[in-house]
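Please open the structure in your viewer and keep the selection panel at hand.

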Amino acid sequence: MRRYSKPLAVVLLLGLASGALWAQGFSGGLRAATVVPGAAVKLQPGKTAEVSVAIQIRPNYHINSNAPADEYLIPTKLTWGSSSLQLTKTEYPEAETVNYSFSDKPLSVYSNKIVIVSHFAVPEKMPASLTELKGKLRYQACNNRACLPPKTANVTVRLSR
Amino acid sequence: MFSSTKMPLLIALVALLGFSSCVEDATVGGSTVEAASENKELTPAPNFTLKDVEGREVTLADYKGKVVLLNFWATWCGPCKIEMPWFVEFQRKYKDQGFSVIAVSLDDEGWEVVRPFTEEYELNFPVVVGTNEMADEFGGVAALPTTFIIDKEGRIRNSHMGLAGRGEYEEEIEALL
């Protein structure tokens with residue numbers, strides 16, 4: 001039986017270890033967008049609160065806008081978990097319309113840094129347990145040659161009063 | 001340390017995992033890995049059995065004796081849509097010479113979205129809906145499209161992550177027919 005040298009084996013194992021992130025079926029791998037932690041949002045009883053979620057998109061990548069131009073594309077969507085705050089509306093930023101070589105029509109996308117703003121109605125009586133809002137950001141990113149799997153990022157916003 | 005039977009698989013895995021550096025880089029896509037030219041270094045393509053749009057089983061091992069272009073794709077993947085008409089043409093052009101495309105969709109929604117796509121793009125080759133486990137068998141699929149060119153003996157000869165050139169595919173197919 002043929003044997004291989006120790007240094008070669010070490011190189012192979014290091015290669016395997018470095019690839020561990022990649023070898024995760026189709027759900028793992030690179031994240032092309034990151035939710036940027038923001039300052040705490042101050043709540044005033046009976047008023048409205050504006051919650052801004054900033055998203056940094058990796059250079060050379062885009063994510064689909066909230067209203068992509070193609071029915072097959074996955075829109076960027078921010079959703080919030082239940083809380084005593086009542087969501088009144090979510091405003092997505094204006095999308096860029098970009099021509100890509102892989103599409104016969106312009107696509108509606110976000111790139112660089114974007115901010116999504118959600119508006120909430122704050123109740124007169126706020127429970128003491130209301131210290132943060134939890135949400136999820138669904139997005140799907142591509143560059144001009146390849147697409148990454150759809151991702152769901154957790155969003156946590158601290159609340160103060 | 002490693003037996004000779006395991007070593008070629010390890011080498012191939014490391015070669016494929018070389019993609020991981022591309023994944024961490026700002027530009028995924030456009031990567032091509034050509035397997036070693038010596039037969040002893042070639043990796044057997046992992047076998048799978050999945051159902052096509054008509055519910056018929058598609059087993060990769062049944063394609064032994066044919067050159068196979070195995071394409072991982074999804075309906076939401078723009079670059080994949082560029083390649084699909086090429087693959088339709090390849091299937092038409094090379095089918096009688098012992099060639100087949102097999103397209104593996106990685107859409108979470110499965111046939112609900114894949115079926116209309118196959119009809120719209122008039123795909124003339126087997127299309128199946130894949131799983132994460134199956135993608136793992138192929139070393140993980142970090143980005144789409146990812147395409148493997150498999151020779152008549154069922155061994156992976158070339159891998160492409162991201163949109164590749166039509167001519168590049170044709171050269172690789174014709175070299176193996």
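Begin by selecting helix α3 of chain B together with β5 (67-73), β6 (99-105), α4 (111-120), β8 (146-150) and α6 (166-176) of chain B: the buried residues of α3(B) pack against these elements. Contact here means heavy atoms within 4.5 Å. Helices (H or I, at least four residues) and strands (E, at least two) are DSSP runs, numbered from the N terminus.

This is a predicted model, in which local features need pLDDT of at least 70 and side-chain atom pairs count only at pLDDT 80 or more, while totals for chains, interfaces and linings use all residues. Residues are numbered from 1 along each chain as its sequence is written, chains are lettered from A and ligands numbered from 1 in the order in which they are written, and side-chain values use heavy atoms, with hydrogens and water left out.

**Along the helix**

Now select residues 78-94 of chain B. Move to M84(B), where α3(B) bends by about 25°, with a proline, P85(B), following within four residues. The bend is the angle between axes fitted to the seven residues ending at a residue and the seven starting there.

How many of the 17 residues of α3(B) are buried? The number is twelve, and the helix is thus mostly covered. Among them are W86(B), F87(B) and F90(B). Buried means under 20% relative accessible area, exposed over 50%, and partly exposed in between (1.4 Å probe, protein chains only).

**Salt bridges from the helix**

A salt bridge is a side-chain nitrogen of Lys or Arg within 4 Å of a carboxyl oxygen of Asp or Glu.

Select K81(B) and D70(A), whose closest N and O atoms are 3.1 Å apart in a salt bridge. This pair crosses between chains, D70(A) lying in the loop between β4 (62-64) and β5 (77-80) of chain A. Both residues are buried.

Next, select K93(B) and E170(B), which also form a salt bridge (3.1 Å, N to O). The two residues are 77 residues apart, and E170(B) belongs to helix α6 of chain B. K93(B) is partly exposed because its relative accessible area is 41%, whereas E170(B) counts as buried because its value is 17%.

**Final stop**

Finally, select D151(B), E153(B), R155(B) and R157(B), which a network of salt bridges links. Within this group, D151(B) and R157(B) meet at 3.1 Å, N to O. D151(B) counts as buried, at 2% relative accessibility.
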